Amino acid sequence: MKFQAQRGTHDVLPVDAPKWRFVEETWRRVCGLYGYEEIRTPIFEDFELFARTSGETSDIVSKEMYDFTDKGGRHIALRPEGTAPVVRAYLEHSLASAGGPVKLFYIGPMFRYGRPQKGRMRQLHQTGLECLGPATPEADAEVIEVTVRFYEAIGLEGLTVLVNSIGRQEARARFGEAVLRQLAGWLADQPPEARERAEKNPMRLLDSKDPDVKAALEGAPTIGEFLEPESREHFDRLCGLLDEAGIRYRLDPGIVRGLDYYTDTVFEVQSDALGAQSSLCGGGRYDGLVAELGGPSTPAVGVGIGIERALIAMEAAEAWPTSGRVGAYLVAATDSARVPLRSLARELRSAGVSCLADLDGRGLKAQFKQADRSGACWALILGEDEMAGGTVTVKNLESGQQESLPRAEAVARVVG
RNA sequence: GCGGGUGUAGCUCAGUUGGUUAGAGUGCCAGAUUGUGAUUCUGGAGGUCGGGGGUUCGAGACCCCUCAUCCGCCCCA
């Protein structure tokens, strides 16, 4: 085979497309219930948009950017995540001028140049939403609630919502220093680049799976001890709101998120169906991002949801919806019936019935075989007898029963 | 980016310590009294054994490189 899909990309084949459609349509529906509106942004943007917002030291920017220089010498990046482009569009088109909170959702491909693995693609797909304006924990709770309702609607149950607060800049800085003090002994034995990474962003060490790191962190302080009173209160109120919504969640000081723009609330939903990639989605509050991109100081909160990972989790849960069937397969019992057969097909299609007919000039038996395979409910047969009598033979492919009816009645039966 | 596993027909897989024209099941196509989809029977098509190089009289099996994929790490969706 000469060509194949590029590394880290995959084709969604007809057998799987309905599952994707189901997930995407469910997301649109649930978002609509909460008043979120769809926004579609380009899949490539100025590299700097992501470098500035995600953080130069973040893994996404430092090693996973899918970037290139275009013919005009521009440094372009295929978007690695959805929030920065949405905020860019929000500012560019002054969406805030409409007044009130701006509630947006999106669906589309994202790109990260990493080593592919199950549930980790170079072209991945996300749904997500952003709630711009409100600073209240009510907004945080709503975002988490939409996320949870979405997972319920696609049939996933028993998922764990993990929440945490990482506070504001100052609290994080003081906490980071405390973590580094705790790990000083361990860090001394590490290779320089690991030490450098740790010093640039100590919080990242908190969700490490390395047993040594976990051991070294034993008894370390938690971010909670460093939170400002406002952050503390915000988080407490959020937890109360989640209780009120009947959402099961767990406080997890290990949730820190990989992007620099998060403030206060961060959350994640995990599934044990995904192996090492246990995270189904991630989100949180990002009160500094709009200002960082040159807009007025605007609090905001959002979530990004991995479609591939949702589908993997659904596979494990066998949560598939049943798919629809084709309407009718038109069978030509003799070649001279093919012209009137096409006419019959046009009539049925204009009445909204999906029809299939042979395009290969196959024999009668083969046409029935195709009809069977297509999953059609009905086979409509046109041959010498039918043409002579102005009838159509209607066969129910499930029961096997058939009868000849005047053409108009046959159409009515299939349409009805 | 690092470590390990896998790669033979559309799909699931056999293939002995290297030895003739590489197999099975399933799927596909055709036929079994010329107007009927299951099953059955018969026949047929389909493989540069992921790709390239090397060792050998001889490689699907062994060695090197490469591509893809899976598992783990880093990190995340």
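Is Val102 buried or exposed, and what is its relative accessible area? The points below take up this residue and then other parts of the predicted model.

1. **Val102 in strand β5.** Val102 is buried, since its relative accessible area is 9%, and buried here means under 20%. The residue belongs to strand β5. Between Val102 and Met203 there are 101 residues of sequence separation, and their C-alpha atoms stand 31 Å apart in space.

2. **Domain assignment.** In chain A, domain 1 is assigned to 17-168 + 228-317, while domain 2 is assigned to 328-415. Taken over C-alpha atoms, the centres of domain 1 and domain 2 are 50 Å apart.

3. **Second largest pocket: volume and lining.** The volume of the second largest pocket is about 580 Å³. Its lining comprises 28 residues, and those nearest the centre are Gln169, Arg172, Asp260, Tyr261 and Tyr262. When the lining is sorted by class, 10 residues are nonpolar, eight are polar and 10 are charged.

4. **Second largest pocket: contributing helices.** At least two lining residues come from each of α2 (47-54), α6 (169-182), α8 (192-200) and α11 (289-292). Which helix gives the most to this lining? The answer is α6, with six residues.

5. **Helix α6.** The 14 residues of α6 should span 20 Å at 1.5 Å a residue, and the distance between its end C-alpha atoms, 20 Å, agrees with this. Ala171, Arg172, Phe175, Gly176, Ala178 and Val179 are the buried residues of α6. Viewed down the helix axis, these buried residues fall within an arc of 165°, so they line one face of α6. Gln169 and Arg181 are exposed on the other side of the helix. Two of the residues named here return from the pocket: Gln169 and Arg172 are both among those nearest the centre of the second largest pocket, yet Gln169 is exposed whereas Arg172 is buried.

6. **Helix α10.** Residues 229-244 form helix α10, which has 16 residues and reaches 23 Å from its first C-alpha to its last, close to the expected 22 Å. Its buried residues are Ser231, His234, Phe235, Leu238, Cys239, Leu241 and Leu242. Because they cover an arc of only 160° around the axis, they lie on the same side of α10. Pro229 and Glu244 are exposed on the other side.

7. Glu138 is placed in helix α5 and counts as partly exposed, at 39% relative accessibility. Leu242 is one of the buried residues of α10.

8. **Helix α13.** Arg338, Leu341, Leu344, Ala345 and Leu348 are buried in α13. These residues are on the same side of α13, because the arc they cover around the axis is only 110°. Val339, Arg346 and Ser350 are exposed, on the face turned away from that buried side.

9. Most residues other than glycine have a negative phi. Asp264 lies in strand β9 (residues 263-270) and is buried, with a relative accessible area of 4%.

10. **Gly158 in a loop.** The loop between α5 (137-153) and β7 (160-165) contains Gly158. With 62% relative accessibility, Gly158 counts as exposed, the cut-off being over 50%. Gly158 and Asp272 are 114 residues apart along the chain, and 9.7 Å separates their C-alpha atoms.

Definitions and conventions: Residues numbered from 1 in each chain as written. Chains lettered and ligands numbered in written order. Predicted model: local features only at pLDDT ≥ 70, side-chain atom pairs only at ≥ 80, totals over all residues. Heavy atoms only, no water. Domains from an automatic or database assignment. 1 Å grid on protein atoms, 1.4 Å probe; cavity = no way out; pocket = protein on both sides within 12 Å on 5 of 7 lines; lining within 4 Å. Points joined across faces, edges and corners; volume = space filled by probe spheres on them. Helix = DSSP H or I, 4+ residues; strand = E, 2+ residues; numbered from the N terminus. Nonpolar A, V, L, I, M, F, W, Y, C, P; charged D, E, K, R; others polar. Expected span 1.5 Å × (residues − 1). Buried < 20%, exposed > 50% of the residue type's maximum accessible area, 1.4 Å probe, protein only. Arc of directions from axis to C-beta.
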